[in-house]
Amino acid sequence: MISTKTTETQPTVVFVLGMHRSGTSALAKVLGYAGGHIPAQVLPPNQDNPRGYWEPKSVVELNNRLLQQVDRHWSDPKPLTNEQHNSLVSRPNINAAAAVLKSEIDAMGPCKRPLILKDPRLCRLIMVWREAAKKCDLESQCIIAYRSPFDVAESLFARDRMKLLSSLELWLTYTLEAERNSRGMSRTIVSFKELMADWHTTLSKAIDTAEIAGLDLDLATSQVTSFLDQKLITSDAAEKPHSTIGQPEFMAAVEDVAQTLQGSLRDLADTFEEIWGWWKTHWQKRSPGQAGSGTTHLLPSWHVEEGMRQLASGSPTEARGKVEHAISMAPDIARFHFILGNINSRLKDFEQATENYRHAVELDASVSRFLIAFGGTLQRQGDYAGAAKALKQAVSLDPTAENLHQYGQALRQAGQLNDAAKAFTRALQQKTKFEECHLALADVLERLSSWDAALEHLAQASQIGGETADHLDRQARIYALMERPQKASQFFLQAAEQRHLSLRGWHSKKHNKKPRQERQRLLKMTARLAAQHWAENLQSLFEPATKKTPAVQNESTLQIARRHLLKFMDRFTRRHSLQTPEPPLERNRNETSTAWPLGDQLTQRSHVTLTQLKENNNDSSPLLSVMIPVYEIKDAKWLEECLESVLHQEGWGERVEIVVIDDGSVNDLARSVVASYPSRVRYICNPKNLGLVGNHNNCIAHARGEFVHILHQDDLIQPGFYDAVIKPMQEDPSIVAAFCATRYINAQGVGGSKSLAEGPQRGVLAPWPVRLSEIRIQFPSIVVRRSTYSSVGGFSPGRLFSFDWDLWNHIAAFGPIWYEPRPLACYRVHSGSATYSFSALERVHDAMHTVADMVRLVPAANRKLIGEMAMYKFFHRYLSLATESSILSAKEQSEIQRFLLSGWTDTGRYADIATLMAKIKQT
């Protein structure tokens, strides 16, 4: 059926009125399918109305403000007085409504279809909007949706826990005001039940009665058939007894209105006027004056709405209190817990937010956004397996590209790489121009060693969002994994140049919006240029001067990139007046304590021959030796937690020996702790203090097992650790060591960050120099064959701070090492750690020596690339510490900054970079 009335000369607005939960949403959407125009900006669907509300945000916001003017809330059943009615129909209010109508009409463009505006509040405020329509020269019609008051009451109880009597009072007020305020308009009434039973016939009659033009119901047939669902009918009023309500006069009024609305609205003025007069008199006795009835405070959702208003006004703590009060009134409404979770997330109380979302999911697991939020907070807290489970359920309910992407992220973090790749691929099938998803899939493919496919998705991401320095860096890393050093070096240089381009506006207003991101760009660029320079410097120590000529082209590119950086520094320092930095360090090659530590010649690594130490292996030896070096322990609880984490490794039992080796402590705390444990936990005290490195070598000497795990007393391991790292070595004798990802915890045992959030997949770590330039292996995470220690040698006394990294490099060069991506070991970060006894500058020097030793271990063709990658990580870490960390003192930051910027810049340019670093610290 196509309406015949023309709208060429005058646009039309169709107002959809009706009590809350009366089917107004379904009615509005069907009119939209039939050719009506529903505004683009509408309230989003939720669990209470998953098919959508179709209420324009602009209309709802204005209606709420209008109700507030007369001290009314949508849930207040007290009718408006004549004075309030007249005050609402004021010029400012009509102008505000007219502005909304004009905006929506303009948004339609030249094709003036009927504008469909729906909001239950229109029942009480249609007199304002009809005047606004006249002001805009719009012809207006009105459709009133009717639904049984008892069905409405049941639905309101399910959504808001509104009591039956309050719901019926509200229904009567909305219905009477809708009829009264729409008198004189071209209008009709539509029964929700009839709409669901035969929508085409029902709407055909309604459109003819209200004289609505420009709609074609036949056009909507296929869409409406799939949209309307009998499940939307949640109750049948005829089956429910309501005699227990009491108040016979009130119930008679409700039933009279309900019965009357089964017919036409044309000749009902007298009937409705009589009931309206009685209803107003009832309220004048019950609640005299203009103020609201005060019943809204009894509704839990009123407190939630108040909380949301306070949240929008910047008061999240007060908002939390309001929503918590609503939950105390109605603890079984899932969305209240969800909203409280959002507020706690805003307050960064993620642990509590997780519990809020968990409650929401437990109450209603059919709502995808509850599951998405729950999965997100589980991800934030490091429970990736739990997050993946929640997000899998969300995707089954709502498989959008965004949901699939988040699900893939959780799978990736949980180490389920193949499943993650499938999730990302499904997301990209729906949304091809999804840059973040292309980048995530590229990362997964890289970890699965599908390097060509990873490069392809990086290229697609660049096509969508532009080629960034981070994209180029990732491509360079993949080429390094493919063992194509020249290609990798080329992309690293391009990344440095790209970062210069992105920093042109660093000092502008635009930068101030994202200071941290811009800060990181500068640090990465500076670190990359420094790493390029010192990798060349290191290469020159490995090769005779006659073999250095092939690097001329790369050096020229490096000079160009450096010139870009220094040009930027010139512009920046002219704009800012800052304190002149200290002069750069002189690079005296013979003074390794204050200059570049490598000197003109590389020093040989000190070697400990473990075969000279006593061998304890025999037929009765344990399979695994857990060796715990200690010295003057301060907290017995840490050692107890460490021992408990080993003893509770299921299935290992008597196959493990646990030895605490005390390096001559004065206090007897370690001995007393060990004495409370079974006999297989032994205590050994060194006759004299051997020092940090010496005691670690002594641990290996006393180990009797085939496998050795050196575990510090302030660290611990998670269940399943030994299964994950020892079983691969048992199955493959060629594997010389195995380690897992590490989770960092603080002194109280709280934490969550992983050593490498996006590490390689489970398996042999290859190529090891590239991987170990990215991953820092911590002691609690690695187990080594004792025979490997004997072959490679122990910890070098020449390395004090990075003696562990140094030995792991030599072990990796000796044979294959296994990687487990699950974070099954915990490394405790605290100021009492032995490594904190070294100065920041000593750590820098020691780490540089270790980089040089690692580069010496790789084939000559890859030395420059590996040196550059390892040194980039090193420079970026310590430049960050020198500019934005609270871990180091101001003096230590200054020392590190001077050291890292000296040697590859002249005096003047050094001052420019140092000045910019000072500016970074201020931002």
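I began with Glu273, which is partly exposed at 32% relative accessibility (buried is under 20% relative accessible area, exposed over 50%, partly exposed in between, with a 1.4 Å probe and protein chains only). The model is predicted, so I kept in mind that local features need pLDDT of at least 70 and side-chain atom pairs pLDDT 80 or more, while totals for chains, interfaces and linings use all residues. Residues are numbered from 1 along each chain as its sequence is written, and side-chain values use heavy atoms, without hydrogens and water.

I then looked up the partner of Glu273. The side chain of Glu273 meets that of Arg180 in a salt bridge, 2.6 Å from N to O (a side-chain nitrogen of Lys or Arg within 4 Å of a carboxyl oxygen of Asp or Glu). Arg180 is in helix α7 and Glu273 in helix α12, 93 residues apart (helices are DSSP runs of H or I, at least four residues, numbered from the N terminus). Arg180 is partly exposed, at 30% relative accessible area.

I found 34 salt bridges in the structure. One of them joins Arg161 and Asp332 at 2.9 Å, N to O. Arg161 lies in the loop between α6 and α7 and Asp332 in the loop between α14 and α15, so the pair ties together parts 171 residues apart in sequence.

I also checked Arg309 and Glu306, whose side chains meet at 2.0 Å, N to O. They sit 3 residues apart in helix α13, separated by about one helical turn. Arg309 is partly exposed at 36%, whereas Glu306 is buried at 19%.

Last, I looked for disulfides (pairs of cysteine sulfur atoms within 2.5 Å) and the count was 0. Cys437 is buried at 0% relative accessibility.

Definitions and conventions
Helix = DSSP H or I, 4+ residues; strand = E, 2+ residues; numbered from the N terminus.
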